[in-house]
Amino acid sequence: MSRPKSERAWIMVRVLVGGVIGLAIAMGVARFAFTPILPAMQAATGLGADGAGLLASLNYLGYFVGALGMGLVPHGALRTAVFRLSLLLSIVTTAAMGLDLGDAGQAMPVWLVLRFLSGVSSAGIFILGVAMVLDTLARQGGERFAGWLYTGVGLGIASSGLFVALFGGRLGWGGDWLALAAICAVLGLLPGLWVRDPLPQPQAAAAGMAGSGTAARAGGLSAPLLLLTLAYFLEGGGYIVSATFLVSILKTDPGTAAVGEAAWMVAGLGAIGAGVFWAAVARRTGSWWSLILAHLTQAVAILLPMTGSPTVAVISALLFGGTFIGIVSQAFALGRQLSAGASAKVVGALTAAYGLGQIIGPLPAGLVVTHTGSFNAALLGAAAAVLLGALLLAAGMVIAGRRSPAASALATPNARPNNS
(Lines give C-alpha, C1' and ligand atoms only; values in the text may rest on other atoms or scores of the structure.)
Protein backbone atom coordinates (compact mmCIF):
# COMPACT_ATOMS: atom_id res chain seq x y z
CA MET A 1 0.00 0.00 0.00
CA SER A 2 1.56 3.32 -1.09
CA ARG A 3 2.00 6.18 1.35
CA PRO A 4 0.02 9.43 0.95
CA LYS A 5 1.86 12.06 -1.08
CA SER A 6 2.20 14.43 1.88
CA GLU A 7 3.77 11.68 4.01
CA ARG A 8 6.26 10.81 1.27
CA ALA A 9 7.18 14.49 0.92
CA TRP A 10 7.80 14.82 4.66
CA ILE A 11 9.99 11.70 4.67
CA MET A 12 12.06 13.09 1.79
CA VAL A 13 12.45 16.53 3.38
CA ARG A 14 13.43 15.00 6.70
CA VAL A 15 16.03 12.59 5.33
CA LEU A 16 17.45 15.20 2.94
CA VAL A 17 17.86 17.81 5.69
CA GLY A 18 19.42 15.19 7.94
CA GLY A 19 21.80 14.16 5.17
CA VAL A 20 22.85 17.75 4.42
CA ILE A 21 23.59 18.39 8.11
CA GLY A 22 25.45 15.09 8.35
CA LEU A 23 27.72 16.00 5.43
CA ALA A 24 28.27 19.47 6.90
CA ILE A 25 29.46 17.86 10.14
CA ALA A 26 31.59 15.21 8.43
CA MET A 27 33.27 17.40 5.84
CA GLY A 28 32.83 21.02 6.86
CA VAL A 29 33.84 20.55 10.50
CA ALA A 30 35.44 17.17 11.24
CA ARG A 31 37.50 17.20 8.07
CA PHE A 32 38.03 20.78 6.90
CA ALA A 33 37.63 23.05 9.95
CA PHE A 34 41.32 22.23 10.45
CA THR A 35 42.12 24.59 7.54
CA PRO A 36 40.84 27.90 9.02
CA ILE A 37 41.91 26.97 12.58
CA LEU A 38 45.43 25.89 11.56
CA PRO A 39 47.15 29.32 11.55
CA ALA A 40 46.12 30.01 15.16
CA MET A 41 47.18 26.49 16.19
CA GLN A 42 50.58 27.07 14.62
CA ALA A 43 51.06 30.45 16.27
CA ALA A 44 50.08 29.19 19.73
CA THR A 45 51.73 25.76 19.78
CA GLY A 46 54.71 26.04 17.43
CA LEU A 47 53.24 23.52 15.01
CA GLY A 48 55.24 23.61 11.77
CA ALA A 49 54.05 23.15 8.23
CA ASP A 50 55.54 19.66 8.16
CA GLY A 51 53.60 18.69 11.29
CA ALA A 52 50.43 20.23 9.87
CA GLY A 53 50.90 18.22 6.69
CA LEU A 54 51.34 15.05 8.73
CA LEU A 55 48.14 15.72 10.69
CA ALA A 56 46.26 16.32 7.44
CA SER A 57 47.61 13.09 5.94
CA LEU A 58 46.59 11.08 9.01
CA ASN A 59 43.08 12.47 8.71
CA TYR A 60 42.89 11.42 5.07
CA LEU A 61 44.40 8.03 5.90
CA GLY A 62 41.62 7.57 8.45
CA TYR A 63 39.08 8.49 5.78
CA PHE A 64 40.63 5.99 3.37
CA VAL A 65 40.65 3.19 5.94
CA GLY A 66 37.13 4.09 7.02
CA ALA A 67 35.90 4.08 3.43
CA LEU A 68 37.24 0.56 2.92
CA GLY A 69 35.57 -0.64 6.12
CA MET A 70 32.23 1.08 5.58
CA GLY A 71 31.75 -0.82 2.35
CA LEU A 72 31.49 -4.01 4.42
CA VAL A 73 28.66 -2.77 6.67
CA PRO A 74 25.46 -4.67 5.75
CA HIS A 75 22.07 -3.08 5.17
CA GLY A 76 19.63 -2.70 8.01
CA ALA A 77 19.87 -1.73 11.67
CA LEU A 78 23.66 -2.19 11.76
CA ARG A 79 24.21 0.39 9.05
CA THR A 80 22.07 2.89 10.95
CA ALA A 81 23.93 2.12 14.18
CA VAL A 82 27.37 2.56 12.58
CA PHE A 83 26.24 5.86 11.05
CA ARG A 84 25.13 7.14 14.46
CA LEU A 85 28.34 5.92 16.08
CA SER A 86 30.31 7.78 13.40
CA LEU A 87 28.41 10.98 14.24
CA LEU A 88 29.27 10.56 17.92
CA LEU A 89 32.93 9.81 17.19
CA SER A 90 33.16 12.85 14.94
CA ILE A 91 31.83 15.17 17.67
CA VAL A 92 34.07 13.67 20.37
CA THR A 93 37.26 13.87 18.29
CA THR A 94 36.44 17.45 17.24
CA ALA A 95 36.02 18.49 20.88
CA ALA A 96 39.17 16.67 21.97
CA MET A 97 41.24 18.67 19.46
CA GLY A 98 40.47 21.75 21.58
CA LEU A 99 41.90 20.37 24.82
CA ASP A 100 45.06 21.99 26.22
CA LEU A 101 47.74 19.36 25.71
CA GLY A 102 50.77 21.64 25.76
CA ASP A 103 52.91 22.64 22.80
CA ALA A 104 52.97 20.86 19.46
CA GLY A 105 55.75 18.49 20.52
CA GLN A 106 53.75 17.22 23.49
CA ALA A 107 50.36 17.19 21.79
CA MET A 108 51.36 15.68 18.43
CA PRO A 109 50.88 11.97 19.35
CA VAL A 110 47.36 12.65 20.62
CA TRP A 111 46.54 14.92 17.69
CA LEU A 112 47.63 12.24 15.23
CA VAL A 113 45.28 9.70 16.80
CA LEU A 114 42.42 12.20 16.93
CA ARG A 115 42.81 13.26 13.30
CA PHE A 116 42.96 9.63 12.18
CA LEU A 117 39.79 8.73 14.11
CA SER A 118 38.13 11.89 12.82
CA GLY A 119 38.86 10.70 9.28
CA VAL A 120 37.32 7.31 10.03
CA SER A 121 34.20 8.98 11.41
CA SER A 122 33.94 11.28 8.38
CA ALA A 123 33.97 8.24 6.10
CA GLY A 124 31.22 6.61 8.13
CA ILE A 125 29.00 9.68 8.01
CA PHE A 126 29.67 10.42 4.35
CA ILE A 127 29.52 6.95 2.82
CA LEU A 128 26.76 5.44 4.93
CA GLY A 129 24.80 8.67 5.17
CA VAL A 130 24.81 9.26 1.43
CA ALA A 131 23.82 5.64 0.77
CA MET A 132 20.89 5.74 3.20
CA VAL A 133 19.64 9.12 2.00
CA LEU A 134 19.78 8.08 -1.65
CA ASP A 135 18.06 4.78 -0.89
CA THR A 136 15.27 6.59 0.96
CA LEU A 137 14.81 9.19 -1.78
CA ALA A 138 14.64 6.44 -4.41
CA ARG A 139 12.06 4.56 -2.32
CA GLN A 140 9.89 7.68 -2.12
CA GLY A 141 10.31 8.64 -5.78
CA GLY A 142 12.52 11.64 -5.03
CA GLU A 143 15.71 10.79 -6.97
CA ARG A 144 15.59 14.21 -8.65
CA PHE A 145 16.43 15.85 -5.31
CA ALA A 146 19.60 13.82 -4.75
CA GLY A 147 21.92 16.54 -6.06
CA TRP A 148 20.95 18.83 -3.20
CA LEU A 149 22.45 16.41 -0.70
CA TYR A 150 26.00 17.46 -1.61
CA THR A 151 25.34 21.10 -0.76
CA GLY A 152 26.07 20.01 2.81
CA VAL A 153 29.80 19.89 2.05
CA GLY A 154 29.92 23.50 0.88
CA LEU A 155 27.58 24.69 3.62
CA GLY A 156 29.78 23.06 6.25
CA ILE A 157 32.98 24.57 4.87
CA ALA A 158 31.44 28.03 4.56
CA SER A 159 29.88 27.88 8.03
CA SER A 160 33.04 26.71 9.78
CA GLY A 161 35.05 29.38 7.97
CA LEU A 162 32.55 32.07 8.96
CA PHE A 163 32.54 30.90 12.57
CA VAL A 164 36.34 31.02 12.86
CA ALA A 165 36.44 34.44 11.19
CA LEU A 166 33.85 35.87 13.60
CA PHE A 167 34.81 34.21 16.86
CA GLY A 168 38.30 32.79 16.44
CA GLY A 169 40.01 35.85 17.89
CA ARG A 170 37.87 35.70 21.04
CA LEU A 171 37.79 31.97 21.67
CA GLY A 172 41.30 31.00 20.63
CA TRP A 173 42.04 27.93 18.52
CA GLY A 174 41.07 25.53 21.32
CA GLY A 175 37.80 27.33 21.89
CA ASP A 176 37.04 27.11 18.18
CA TRP A 177 37.28 23.30 18.24
CA LEU A 178 35.18 23.04 21.42
CA ALA A 179 32.49 25.45 20.20
CA LEU A 180 32.21 23.76 16.80
CA ALA A 181 31.89 20.40 18.53
CA ALA A 182 29.08 21.75 20.71
CA ILE A 183 27.22 23.08 17.66
CA CYS A 184 27.65 19.73 15.91
CA ALA A 185 26.37 17.90 18.99
CA VAL A 186 23.10 19.85 18.82
CA LEU A 187 22.67 19.74 15.05
CA GLY A 188 23.78 16.11 14.92
CA LEU A 189 20.57 15.05 16.62
CA LEU A 190 18.72 15.60 13.34
CA PRO A 191 20.72 13.23 11.13
CA GLY A 192 20.93 10.83 14.06
CA LEU A 193 17.14 10.68 14.25
CA TRP A 194 16.14 11.22 10.63
CA VAL A 195 18.71 9.28 8.59
CA ARG A 196 18.24 5.55 8.79
CA ASP A 197 18.56 2.60 6.47
CA PRO A 198 15.25 1.64 4.84
CA LEU A 199 14.62 -2.07 4.74
CA PRO A 200 15.39 -3.42 1.24
CA GLN A 201 12.39 -4.36 -0.84
CA PRO A 202 12.40 -8.09 -1.61
CA GLN A 203 11.81 -7.54 -5.32
CA ALA A 204 14.63 -5.01 -5.58
CA ALA A 205 17.02 -7.16 -3.59
CA ALA A 206 16.34 -10.18 -5.80
CA ALA A 207 16.81 -8.13 -8.95
CA GLY A 208 20.07 -6.70 -7.62
CA MET A 209 21.44 -10.15 -6.84
CA ALA A 210 20.44 -11.44 -10.27
CA GLY A 211 22.10 -8.55 -12.08
CA SER A 212 25.23 -8.10 -10.00
CA GLY A 213 27.24 -10.77 -11.76
CA THR A 214 26.41 -9.40 -15.19
CA ALA A 215 27.39 -5.88 -14.20
CA ALA A 216 30.65 -7.04 -12.71
CA ARG A 217 31.55 -8.96 -15.84
CA ALA A 218 30.62 -6.04 -18.07
CA GLY A 219 32.87 -3.48 -16.43
CA GLY A 220 36.51 -4.02 -17.39
CA LEU A 221 39.37 -1.62 -16.69
CA SER A 222 39.58 -0.04 -20.15
CA ALA A 223 42.28 2.44 -21.11
CA PRO A 224 39.94 5.48 -20.79
CA LEU A 225 38.79 4.28 -17.38
CA LEU A 226 42.39 3.73 -16.25
CA LEU A 227 43.34 7.22 -17.39
CA LEU A 228 40.33 8.67 -15.54
CA THR A 229 41.42 6.83 -12.38
CA LEU A 230 45.01 8.10 -12.65
CA ALA A 231 43.75 11.64 -13.24
CA TYR A 232 41.51 11.35 -10.19
CA PHE A 233 44.51 10.20 -8.11
CA LEU A 234 46.45 13.29 -9.22
CA GLU A 235 43.45 15.51 -8.43
CA GLY A 236 43.32 14.08 -4.91
CA GLY A 237 47.01 14.84 -4.39
CA GLY A 238 46.85 18.28 -6.00
CA TYR A 239 43.67 19.86 -4.65
CA ILE A 240 44.39 18.76 -1.08
CA VAL A 241 47.39 21.09 -0.81
CA SER A 242 45.14 24.15 -1.12
CA ALA A 243 42.39 22.46 0.90
CA THR A 244 44.85 21.99 3.78
CA PHE A 245 46.95 25.16 3.65
CA LEU A 246 44.80 27.81 1.94
CA VAL A 247 44.24 29.96 5.03
CA SER A 248 47.86 29.59 6.16
CA ILE A 249 49.06 30.53 2.67
CA LEU A 250 47.02 33.73 2.69
CA LYS A 251 47.85 34.69 6.28
CA THR A 252 51.61 34.38 5.76
CA ASP A 253 51.47 37.11 3.09
CA PRO A 254 50.84 40.61 4.57
CA GLY A 255 48.90 41.56 1.44
CA THR A 256 46.37 38.74 1.82
CA ALA A 257 46.41 38.11 5.59
CA ALA A 258 43.18 40.03 6.17
CA VAL A 259 41.15 37.75 3.89
CA GLY A 260 42.43 34.39 5.16
CA GLU A 261 39.37 33.05 6.97
CA ALA A 262 36.99 34.90 4.65
CA ALA A 263 38.55 33.18 1.64
CA TRP A 264 37.87 29.75 3.12
CA MET A 265 34.26 30.77 3.67
CA VAL A 266 34.07 31.86 0.03
CA ALA A 267 35.49 28.49 -1.02
CA GLY A 268 32.62 26.82 0.81
CA LEU A 269 30.08 29.07 -0.88
CA GLY A 270 31.58 28.16 -4.24
CA ALA A 271 31.31 24.47 -3.42
CA ILE A 272 27.58 24.65 -2.67
CA GLY A 273 26.47 24.92 -6.28
CA ALA A 274 29.49 23.29 -7.92
CA GLY A 275 27.90 19.92 -8.59
CA VAL A 276 24.89 21.45 -10.33
CA PHE A 277 27.06 23.86 -12.36
CA TRP A 278 29.50 21.28 -13.74
CA ALA A 279 26.65 18.89 -14.51
CA ALA A 280 25.18 21.65 -16.68
CA VAL A 281 28.56 22.11 -18.38
CA ALA A 282 28.68 18.35 -19.03
CA ARG A 283 25.27 18.44 -20.69
CA ARG A 284 26.55 21.06 -23.15
CA THR A 285 30.12 19.87 -23.77
CA GLY A 286 30.27 16.22 -22.70
CA SER A 287 31.60 14.70 -19.48
CA TRP A 288 35.23 14.53 -20.62
CA TRP A 289 35.35 18.22 -21.50
CA SER A 290 33.56 19.17 -18.29
CA LEU A 291 36.26 17.43 -16.25
CA ILE A 292 39.11 18.88 -18.32
CA LEU A 293 37.75 22.43 -17.97
CA ALA A 294 37.26 21.96 -14.23
CA HIS A 295 40.88 20.74 -13.87
CA LEU A 296 42.24 23.70 -15.84
CA THR A 297 40.18 26.14 -13.79
CA GLN A 298 41.34 24.56 -10.55
CA ALA A 299 45.02 24.71 -11.58
CA VAL A 300 44.63 28.46 -12.11
CA ALA A 301 42.85 28.80 -8.77
CA ILE A 302 45.69 27.01 -6.97
CA LEU A 303 48.30 29.41 -8.42
CA LEU A 304 46.41 32.71 -7.96
CA PRO A 305 47.36 33.24 -4.26
CA MET A 306 50.96 33.67 -5.42
CA THR A 307 49.98 37.11 -6.79
CA GLY A 308 49.67 38.53 -3.28
CA SER A 309 46.46 40.39 -4.15
CA PRO A 310 43.60 40.06 -1.64
CA THR A 311 40.98 40.43 -4.40
CA VAL A 312 42.63 37.75 -6.50
CA ALA A 313 42.90 35.53 -3.40
CA VAL A 314 39.14 35.67 -2.88
CA ILE A 315 38.57 34.89 -6.57
CA SER A 316 40.99 31.98 -6.19
CA ALA A 317 39.01 30.62 -3.25
CA LEU A 318 35.73 30.88 -5.17
CA LEU A 319 37.18 29.05 -8.17
CA PHE A 320 38.78 26.42 -5.96
CA GLY A 321 35.55 25.73 -4.08
CA GLY A 322 33.64 25.76 -7.35
CA THR A 323 35.81 23.02 -8.87
CA PHE A 324 36.77 20.39 -6.32
CA ILE A 325 33.22 19.19 -5.57
CA GLY A 326 32.35 19.43 -9.27
CA ILE A 327 35.32 17.24 -10.18
CA VAL A 328 34.21 14.61 -7.68
CA SER A 329 30.65 14.49 -9.01
CA GLN A 330 31.70 14.50 -12.67
CA ALA A 331 34.39 11.85 -12.19
CA PHE A 332 31.80 9.52 -10.66
CA ALA A 333 29.34 10.26 -13.49
CA LEU A 334 31.94 9.56 -16.18
CA GLY A 335 33.21 6.50 -14.33
CA ARG A 336 29.70 5.04 -14.27
CA GLN A 337 29.36 5.65 -18.00
CA LEU A 338 32.68 3.97 -18.80
CA SER A 339 32.10 1.01 -16.47
CA ALA A 340 29.44 -0.62 -18.67
CA GLY A 341 27.23 -1.28 -15.67
CA ALA A 342 29.83 -2.05 -12.97
CA SER A 343 29.26 1.31 -11.28
CA ALA A 344 29.86 0.11 -7.71
CA LYS A 345 33.25 -1.33 -8.60
CA VAL A 346 34.34 1.75 -10.52
CA VAL A 347 33.23 4.21 -7.84
CA GLY A 348 35.15 2.17 -5.28
CA ALA A 349 38.31 2.27 -7.41
CA LEU A 350 37.99 6.02 -7.95
CA THR A 351 37.44 6.63 -4.23
CA ALA A 352 40.53 4.59 -3.35
CA ALA A 353 42.68 6.44 -5.91
CA TYR A 354 41.45 9.84 -4.71
CA GLY A 355 42.00 8.84 -1.10
CA LEU A 356 45.58 7.79 -1.74
CA GLY A 357 46.25 11.11 -3.44
CA GLN A 358 44.88 12.98 -0.44
CA ILE A 359 47.10 10.99 1.92
CA ILE A 360 50.25 11.60 -0.11
CA GLY A 361 49.74 15.25 -1.11
CA PRO A 362 50.11 17.16 2.19
CA LEU A 363 53.33 15.41 3.27
CA PRO A 364 55.73 16.66 0.57
CA ALA A 365 53.95 20.02 0.52
CA GLY A 366 54.52 20.50 4.25
CA LEU A 367 58.17 19.41 3.98
CA VAL A 368 58.82 21.79 1.07
CA VAL A 369 57.29 24.71 2.96
CA THR A 370 59.37 23.90 6.05
CA HIS A 371 62.62 23.81 4.05
CA THR A 372 61.96 26.78 1.74
CA GLY A 373 59.91 29.02 4.01
CA SER A 374 57.45 29.60 1.16
CA PHE A 375 54.31 27.97 -0.17
CA ASN A 376 55.11 28.79 -3.80
CA ALA A 377 56.89 25.54 -4.64
CA ALA A 378 54.10 23.52 -3.02
CA LEU A 379 51.47 25.42 -5.02
CA LEU A 380 53.41 24.91 -8.26
CA GLY A 381 53.63 21.19 -7.56
CA ALA A 382 49.92 20.94 -6.76
CA ALA A 383 48.93 22.83 -9.91
CA ALA A 384 51.26 20.64 -11.97
CA ALA A 385 49.57 17.51 -10.63
CA VAL A 386 46.13 18.85 -11.55
CA LEU A 387 47.33 19.88 -15.03
CA LEU A 388 48.84 16.44 -15.59
CA GLY A 389 45.44 15.03 -14.66
CA ALA A 390 43.86 17.22 -17.35
CA LEU A 391 46.32 15.84 -19.92
CA LEU A 392 45.44 12.27 -18.93
CA LEU A 393 41.76 13.09 -19.30
CA ALA A 394 42.39 14.51 -22.76
CA ALA A 395 44.18 11.29 -23.73
CA GLY A 396 41.29 9.26 -22.33
CA MET A 397 38.79 11.31 -24.31
CA VAL A 398 40.71 10.72 -27.54
CA ILE A 399 41.00 6.97 -26.93
CA ALA A 400 37.33 6.69 -25.98
CA GLY A 401 36.35 8.57 -29.14
CA ARG A 402 38.38 6.23 -31.34
CA ARG A 403 37.05 3.05 -29.77
CA SER A 404 33.32 3.45 -30.26
CA PRO A 405 30.75 5.99 -31.43
CA ALA A 406 28.94 5.59 -28.10
CA ALA A 407 32.07 6.52 -26.19
CA SER A 408 32.74 9.36 -28.58
CA ALA A 409 29.35 10.79 -27.72
CA LEU A 410 30.60 11.39 -24.18
CA ALA A 411 33.06 13.93 -25.53
CA THR A 412 30.70 15.75 -27.89
CA PRO A 413 28.36 18.66 -27.18
CA ASN A 414 24.81 17.88 -26.10
CA ALA A 415 25.86 14.41 -24.90
CA ARG A 416 23.72 13.58 -21.93
CA PRO A 417 25.31 11.42 -19.21
CA ASN A 418 23.63 8.17 -18.32
CA ASN A 419 22.98 8.44 -14.61
CA SER A 420 21.33 5.08 -14.25
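Residues are numbered from 1 along each chain as its sequence is written. Because this is a predicted model, local features need pLDDT of at least 70 and side-chain atom pairs count only at pLDDT 80 or more, while totals for chains, interfaces and linings use all residues; side-chain values use heavy atoms, with hydrogens and water left out.

Let me begin with the chain as a whole. The chain has 17 helices and zero strands; helices (H or I, at least four residues) and strands (E, at least two) are DSSP runs, numbered from the N terminus. Of its 420 residues, 52% count as buried, where buried means under 20% relative accessible area, exposed over 50%, and partly exposed in between, with a 1.4 Å probe and protein chains only. Among contacts between residues at least 6 apart in sequence, 84% join residues at least 24 apart, a contact being heavy atoms within 4.5 Å.

I turn now to the charged residues. Side chains of opposite charge can pair when their charged atoms come close. A salt bridge here is a side-chain nitrogen of Lys or Arg within 4 Å of a carboxyl oxygen of Asp or Glu, and by this rule the count comes to two. Which residues do the salt bridges link into a network? They are R79, D135 and D197. D135 pairs with R79, the closest N and O atoms being 3.9 Å apart. That pair links distant parts of the chain, with D135 in helix 5 and R79 in helix 4 (residues 77-96), 56 residues apart. R79 also meets D197 in a salt bridge, at 3.8 Å from N to O. Since R79 lies in helix 4 and D197 in the loop between helix 7 and helix 8, this second pair ties together parts that are 118 residues apart in sequence.

The three residues may also be described by accessibility. R79 is buried at 9% relative accessible area, and D197 is buried at 8%, whereas D135 is partly exposed at 30%. The side chain of D197 also makes a polar contact with the side chain of H75, at 3.3 Å. A polar contact is a pair of N or O atoms within 3.5 Å; within protein, one must be able to donate a hydrogen and the other to accept it, and residues adjacent in sequence count only if both atoms are side-chain atoms.

Finally, the aromatic residues. Rings of Phe, Tyr and Trp (its six-membered ring) pair if their centres lie within 6.5 Å; planes under 30 degrees apart count as stacked, over 60 as edge-to-face and the rest as tilted. By this rule there are twelve aromatic pairs. In one of them, the rings of F163 and F167 have centres 5.1 Å apart and planes at 45°, so the pair is tilted. Ring pairs also link F32, Y232, Y239, W264, F320, F324 and Y354 into a cluster.
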